Amino acid sequence: SGRWDRMGPELFRLADRHGKGYCLGPTHEEAVTELVAAQSGLSYKQLPLRLYQVTRKFRDEPKPRFGLLRSREFYMKDMYTFDASEEAARQTYDLVCDAYRSLFHRLGLPFVKVRAATGSIGGTMSHEFQLPADIGEDRLVVCPGGHFAANVETLDGEQTSCPVCGEKLAQTRGIEVGHTFYLGTKYSSVFNAVFYSPENKPQLAEMGCYGLGVTRILAASIEVLSTEDSIRWPSLIAPYQLCFIPPKRGSKEDEEGAALLERVYDDLAEALPHLAGDSVLDDRTQLTIGKRLKDANKLGYPYVVIAGKRVCEDPPVFEVWDQNAGKVLFLTKEGVIELLSKVQVP
């Protein structure tokens, strides 16, 4: 495909004992297209084909940064699509873009879809899904009315106004978390990835490729959602949804509070079984509630249920931290279960 030379030093290259050249896959357009090309007798009736994987990718980044945000080895969900016509391939492109939109909406991440350069992967159309963030490496321009958004590397000169409505474009920085490419026949022509038309004539498949940075989404989510003193995860990807903090050992609420908290957990497990395995009990009761709450903030549980000073009231009242909303609620056992019944877990 020519990418061996075009990619430059970002491509990890190595030689085996016979001096033969190999590389570690940065993406897998070539491998997957060759796989499809090897299927002789592929019919138009078998299209569209949408082949995806979640695997490690490798890029020799000049400056790895911020843990998982930019690293030399990372997990990517990459997908390669094969369609019978340009029109069908563009419909697939729109379908995948809608799926990515839906994903970021479900995660509650403030994303923007921007026009992007095709770079070494190539093709004729490309978009990035960016999370606006000061720490981001990409410079973006965005129309305040939502009519236009682009990575500045795609613009001719200094474009300052929206080509649709004429409004002044706002400048921001972003973290790229997804990328889509319409490839046409760029790779299918190299590897002869053909299918047979209704007239039984071989035709080149029209392709697209798509990527989601799985590890980068983790790091970027924390970057854009967290506050100075607490990590905030999208609820769907938080390691655990719920942390229970019983009273400090030796406190006047100790025995009664611990028993009441256990009863909350038992009733919760019965009413909402999907949350039972998504809960953590911080049983380090030699530590104060405050110290354990601070640790819970650093780990990013979306909900923390505490048996505090009001647990011995009649009826018992629990302190509940709704971290992503930044609220503290005082609720009875029934109130706790009602609040948590709204929690979505994968």
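**View 1. Helix 2 and its packing partners.** The buried residues of helix 2 (29-37) pack against helix 1, strand 3, strand 4 (73-83), strand 9, helix 4 and strand 12. Which residues of helix 2 are buried? They are Glu29, Glu30, Val32, Thr33 and Val36. An α-helix has 3.6 residues a turn, so residues three or four places apart point the same way. Please keep in mind, here and in every view below, that this is a predicted model.

View 2. The domain assignment divides the chain into domain 1, residues 3-225, and domain 2, residues 235-341. Taken over C-alpha atoms, the centres of the two domains are separated by 42 Å. An unreviewed UniProt entry carries the annotation "domain: Aminoacyl-transfer RNA synthetases class-II family profile" for residues 1-234.

**View 3. The largest nonpolar core.** This core has 23 residues, and Tyr100, Phe104, Phe129, Val177 and Ile217 are the ones that touch the most other members. Two or more residues each come from helix 3, strand 6, strand 9 (170-184), strand 12 (206-213) and helix 5 (214-225). Which element gives the most to this core? Helix 3 does, with 7 residues. For a closer look at one member, follow Ile217: leaving aside neighbours within four places in sequence, Ile217 is in contact with Phe104, Leu107, Leu109, Val177 and Leu212. Another core, of 21 residues, lies apart from the largest one, and its members include Phe244, Leu268, Tyr303 and Ile337. In soluble globular proteins, nonpolar side chains tend to be buried together.

View 4. The whole structure holds 6 aromatic pairs. One of them joins Phe111 and Phe129, a tilted pair with 6.1 Å from centre to centre and 40° between the planes. This pair links distant parts of the chain, 18 residues apart: Phe111 sits in the loop between helix 3 (86-107) and strand 5 (112-115), and Phe129 belongs to strand 6 (residues 125-132).

**View 5. Arginines over aromatic faces.** Arg13 lies over the face of Trp4, 5.2 Å from the ring centre. Arg90 lies over the face of Tyr182, at 4.5 Å from the ring centre.

View 6. Met7 is found in the loop between helix 1 (3-6) and strand 1 (13-15). Why does Met7 count as buried? Its relative accessibility is 12%, and buried means under 20%. Apart from neighbours within four places in sequence, Met7 is in contact with Pro26 and Ser120. Ile121 is 114 residues away from Met7 in sequence, yet their C-alpha atoms are 8.9 Å apart in space.

**View 7. Two cis peptide bonds.** Most residues other than glycine have a negative phi, and most peptide bonds are trans. The bond from Leu47 to Pro48, however, is cis, with omega near 5°. Pro48 lies in the loop between helix 2 (29-37) and strand 3 (49-58). Asp314 and Pro315 are also joined by a cis peptide bond, with omega about 0°. Pro315 has its place in the loop between strand 15 (303-306) and strand 16 (318-322).

**View 8. Asparagines with positive phi.** Where does Asn192 lie? Look in the loop between helix 4 (188-191) and strand 10 (194-196). Although Asn192 is not a glycine, its phi is positive, at about 55°. With a relative accessible area of 49%, Asn192 is partly exposed. Asn200 also has a positive phi, near 65°, and is a residue other than glycine.

How values were computed:
Residues numbered from 1 in each chain as written. Predicted model: local features only at pLDDT ≥ 70, side-chain atom pairs only at ≥ 80, totals over all residues. Heavy atoms only, no water. Domains from an automatic or database assignment. Phe/Tyr/Trp six-rings, centres within 6.5 Å; stacked < 30°, edge-to-face > 60°. Helix = DSSP H or I, 4+ residues; strand = E, 2+ residues; numbered from the N terminus. Lys NZ or Arg CZ within 6 Å of the ring centre and 35° of its normal. UniProt positions renumbered as here; feature names shortened; annotations may be inferred. Core = buried A, V, L, I, M, F, W, Y, C linked by side-chain atoms within 4.5 Å. Buried < 20%, exposed > 50% of the residue type's maximum accessible area, 1.4 Å probe, protein only. Contact = heavy atoms within 4.5 Å.
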